[in-house]
Amino acid sequence: NAKLSPEQLLCQLRDRVNVTMIQRSDGPFGTSEWQQYLPGKSLSEAVGHLGCCAVVSSAGSLKSSRLGQEIGCHDAVLRFNGAPVRGFQDDVGQKTTIRLVNSQLVTVEEQQFLREPLYNTGILIVWDPAPYHAEIREWYRKPDYNFFESYKAYRRAHPEQPFYILNPKMQWQLWDILQENSLEHIQPNPPSSGMLGIVLMMTLCDQVDVYEFLPSKRQTDICHYYQKFHDHACTMGAYHPLLFEKNLVKHMNQGTDEDIYTHGKVTLPGFRKVHC
Ligand code: NCC
């Protein structure tokens with residue numbers, strides 16, 4: 001078994017996964033048109049120094065969890081895609097500091113994305129599956145979903161809301177580490193929004209509590225806490241290497257197995273707190 005110790009793994013993630021947002025200096029984004037759209041402030045300037053953060057997966061097992069109050073005590077809360085807060089506060093809390101959305105949502109569900117007030121709270125970040133270790137220019141020419149026009153439309157409608165594009169390089173830097181630490185061959189598809197968000201928060205926060213990424217005793221085939229739809233692939237993965245992501249996160253957990261069982265909760269250190 002080639003697995004690294006939890007400490008070595010944290011160091012690998014810290015040193016090899018470069019979490020950045022697309023900037024003016026990134027090749028095709030250097031035009032005067034893009035200047036008007038990309039946020040002026042960096043993400044770390046926009047969020048400031050964060051102590052304790054919560055990452056809230058969209059899993060069905062959050063339903064009836066009553067974790068809302070505990071989640072709400074964190075300095076910052078990250079949510080994914082269309083995961084709502086209204087009507088679910090008791091289970092998922094009410095604060096949204098950052099919302100990470102995939103490019104499919106921004107294009108295929110464009111009208112909802114542009115209209116739903118859900119997206120108007122907090123900082124938005126969009127990511128798109130890029131070809132394996134592609135250069136920015138190559139990805140820009142052929143994104144998985146061409147979300148650039150809806151990104152611009154959203155920015156025109158909400159110029160004051162920070163909205164970033166995740167630099168796609170990090171997804172494959174992270175995937176390489178997933179593959180190196182798994183005994184099986186993993187399909188070369190990018191990690192899920194959940195896994196990308198966990199690593200993102202580890203760069204911004206001193207501590208990251210992740211809820212229902214590793215399922216608790218409430219584990220269910222119901223995909224999302226906010227929908228009735230059943231699919232086993234939501235928790236274990238089909239396109240995304242979810243099972244491998246979850247094994248990796250379990251390996252790095254600094255909390256207890258009891259916390260996973262009762263709260264679906266994993267505690268990870270921020271990279272600032274990792275000494276290599
Ligand atoms: O379902 P999704 O993910 O939005 O969930 C966000 C993250 O929560 C974790 N999760 C979710 C459900 C579950 N039962 N267990 C979990 O652990 C995962 O880490 C997941 O990433 C995505 O990753 O972006 C994804 O997006 C959806 C969909 O595009 C969006 O919800 C927008 O409608 C994808 N579903 C489909 O394409 C049908 C999903 O595969 C991945």
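Hi everyone, this structure holds three disulfides, a disulfide being a pair of cysteine sulfur atoms within 2.5 Å. A word on sources: this is a predicted model, where local features need pLDDT of at least 70 and side-chain atom pairs count only at pLDDT 80 or more, while totals for chains, interfaces and linings use all residues. Residues are numbered from 1 along each chain as its sequence is written, and side-chain values use heavy atoms, with hydrogens and water left out.

Let's start with Cys11 and Cys276, joined at an S to S distance of 2.1 Å. Cys11 lies in helix α1 (residues 6-16) and Cys276 in the segment after β7, so this pair ties together parts 265 residues apart in sequence. Helices here are DSSP runs of H or I with at least four residues, strands are runs of E with at least two, and both are numbered from the N terminus.

Is Cys11 buried or exposed? Cys11 is buried at 14% relative accessible area, whereas Cys276 is exposed at 57%. The cut-offs are under 20% for buried, over 50% for exposed and partly exposed in between, with a 1.4 Å probe and protein chains only.

Next, Cys53 and Cys205 have their sulfur atoms 2.0 Å apart. Cys53 sits in strand β1 (residues 50-56) and Cys205 in strand β6 (residues 205-211), 152 residues apart. Both Cys53 and Cys205 are buried.

The pair Cys223 and Cys234 also forms a disulfide. Here Cys223 is buried at 7%, and Cys234 is partly exposed at 24%.

What about Cys73? Cys73 is in no disulfide, and the nearest cysteine sulfur, in Cys52, is 9.4 Å away. Cys73 is exposed, at 65%. Thanks, everyone!
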